[in-house]
Amino acid sequence: MASNTLEASIQGIKSVWGPLSEQVVAGCKRHLADLLRAPGTEDWLAALHVEAPANKELHRDPTHGFVLLAHSEYAGLYRPPHDHGRGWVIYAIQQGEIEMRTYARVANRDGTIGLVMRDSTLMRPGQVQVYLPGDIHDTRCMKGPALLYRFTERDLKKEDKDEHRVTRYVERDGVWTFGTP
């Protein structure tokens, strides 16, 4: 039996886990929304508020491979457009406000790859957002300190550093393009 909201949410995610499907995503999203309702008096959440870690692993599932991280971000922190390779991700906002914009990857007439902004969402406490494999997005902390959870269905450090499957974009002369700065 789970002793706190974090453990209950992890057990809930395990109970719905399987190959990527609408049901798995909806179940994980629901359990992360439950996590956002944890009382601030629970030791793990109280510690996050005190520590305000830039990046803290809350759970790494040895059987299924998913990872739950907590991030504290300051107002103005910007993460340029990127995807998560083959992985899918769910962001859940516990405090603060994060703008998340989505992009479509397009081929320009000259053969270069560029991005076109598709949408912008201002995420506030209690909101959850899903990004599937290949979805391109950026994030900007609009109101901090923000505390957000990032649930990844696989280890994205391995996906990025070892397998080089994460794609990042850079801005050149006001245009987002594929490549290195």
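Me: How exposed is Ala52?
Reply: Ala52 has a relative accessible area of 43%, so it counts as partly exposed, the class between buried (under 20%) and exposed (over 50%), with a 1.4 Å probe and protein chains only. The model is predicted: local features need pLDDT of at least 70, side-chain atom pairs count only at pLDDT 80 or more, and totals for chains, interfaces and linings use all residues. Residues are numbered from 1 along each chain as its sequence is written, and side-chain values use heavy atoms, leaving out hydrogens and water.

Me: Where is Ala52, and what is its phi?
Reply: Ala52 sits in the loop between α3 (43-51) and β1 (56-60); helices (H or I, at least four residues) and strands (E, at least two) are DSSP runs, numbered from the N terminus. Its phi is near 45°, a positive value in a residue other than glycine. Most residues other than glycine have a negative phi.

Me: New topic: which residues touch the most other members of the largest nonpolar core?
Reply: They are Trp44, Leu68, Tyr149 and Phe151, in a core of 26 residues. Such a core is a set of buried Ala, Val, Leu, Ile, Met, Phe, Trp, Tyr and Cys residues joined through side-chain atoms within 4.5 Å.

Me: Which element gives the most to this core?
Reply: That is α2, with seven residues.

Me: And the peptide bond from Gly144 to Pro145: cis or trans?
Reply: That bond is cis, with omega near 0°. Pro145 belongs to strand β7 (residues 136-152).
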